[in-house]
Amino acid sequence: MSFDSQAWLAEARALIGEAHVLSADRGDDLSAYTRDWRNKFEGPALAVLRPANTGEVQAIVRLAARTGVHIVPQGGNTGMCGASVPTANGPQAILQLGRLNRILEIDPENNTATVEAGCILQTLQEQAAAAGRLFPLSLGAEGSCQIGGNIATNAGGVQVLRYGNMRDLVLGLEVVLPDGERLDLLRGLRKDNTGYDLKQLFIGAEGTLGIITAATVKLFPAPSAEVVAFAGVLSIAQAVRLLGAMRGRLGERFAAFELISGEAIALVRRYFPDTPAPLEGDWPWYVLMEAADGDSDDALREAMQAALMACLEEECLEDVALAGNLAQGQTLWMLRENITHAQQMDGGNIKHDIALPISRIPGFVEQMLPRLLQAFPGARPIVYGHLGDGNLHFNVSAPAGMPPATWQRETDAVNQLIHDAVAALRGSISAEHGIGQLKRHEMPLYKTPVELEVMRRIKQALDPRGLMNPGKVL
């Protein structure tokens, strides 16, 4: 029997309302949903469906299961690997979760929040702050990314050093399974030893096992003081020593530790010429640090300054600037946040989101930089990332004057050089961005056959017809 798209769309509209089923046959522009924000992936969609609640999600999933239509869950569509846009494999409908945006509960005494999947990350941060609490996930897209997508990709960000990845922040989930059944795991418990921890199956699964519709997440007491410092170092090995020394002196107050190459800072200052120079001299590597606690600003600044001065005496750093107030701290953070924007303005680059044991990062970078330049003369490595948790963004910009499209043709060769070296050190080719479409073909190269087989068994058990987000991860 042939598939009747008009009948399908009519049934979907009857389920969730005419206004919330967008389709090209009615003249709707779907490009904001069918194309990823990097303009790297795009695929055709039968429709964009915008349900208002979990019940409507269930109804759509049941319709899709009955008719063999694939479902592509989508949040803010800010992912880096093309997981939230369709492929060309059969009829696919985008399930856009932005209308499921309510904060259902903030429980200050239990330090938890229960939110729907379409809640914007920044909205949760603000509502938690209004209750005197902190939701610590922080990343560049926080004004548009959604909690469901953060969970589906196991987002990381800049405060993993202290608070962990999204996986560490989730206590409970509500999930619509591929057959339309609702799996209610919304428990705000930090201890629950009753068998398999089912929620972990869906965190980081990129919508391939089911659709996350709500979550209960951890909150923390809001810090009353935050202090930011910016240091110059001669090498990554020195930065690693600085990390150990600062953590030893500040303990749990130490919240973020970002490594930035001199080339990355130069790129930011080229495209953002009003960016002030935090230090008098130029250094091969820089470190952006933040500490936070419930003490006074003066007390925390004194503790941070004492720790930095001790590190200077111990030759763990070469020069350092301590932000005098919140505005100065935000200016220092803009140096880090503007790296991505500067790379986009600069043209083509091949991105790598890798993880390694912290102790092996200096050796990896020291060996990789000359090997990369030998294999690709003129390539411009832009290295930065969350050194405190072992996550580097080892990006490679095109040689000067090379058209972006020409450089992108080298992607597979550059990836193999870098990812082979990462795998040899038992690292990961995806630290916080996921797999999606971008790295799917690399999974058999860097995961063991047993790992892949177990993943396929889980997929087969939950989604035997392969209707959930096809062409992603596996």
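Biologist: Which residues are linked with R13 and E18 in a network of salt bridges?

Modeller: In this predicted model, R26 joins R13 and E18 in that network.

Biologist: What makes the contact of E18 and R13 a salt bridge?

Modeller: The N to O distance is 4.0 Å. The cut-off is within 4 Å, so the pair is counted.

Biologist: And why is R13 called buried?

Modeller: R13 has a relative accessible area of 5%. Buried means under 20%, so the label follows.

Biologist: Let's turn to E11 and R66. What makes them a salt bridge?

Modeller: Their side chains meet at 2.3 Å, N to O, and the rule asks for a distance within 4 Å, so the pair qualifies.

Biologist: How do you know that this pair links distant parts of the chain?

Modeller: E11 lies in helix α1 (residues 5-16) and R66 in helix α3 (residues 54-67), 55 residues apart.

Biologist: Why does R66 count as exposed, and E11 as partly exposed?

Modeller: R66 has 55% relative accessibility, while E11 has 32%. Exposed means over 50% and buried under 20%, with partly exposed in between, so each value finds its class.

Biologist: Why are R457 and E453 said to be separated by about one helical turn?

Modeller: Because they are four residues apart in helix α17 (residues 449-462). R457 is exposed at 55%, whereas E453 is partly exposed at 34%.

Biologist: How many salt bridges does the rule give?

Modeller: The count comes to 15.

Terms used:
Residues numbered from 1 in each chain as written. Predicted model: local features only at pLDDT ≥ 70, side-chain atom pairs only at ≥ 80, totals over all residues. Heavy atoms only, no water. Helix = DSSP H or I, 4+ residues; strand = E, 2+ residues; numbered from the N terminus. Buried < 20%, exposed > 50% of the residue type's maximum accessible area, 1.4 Å probe, protein only.
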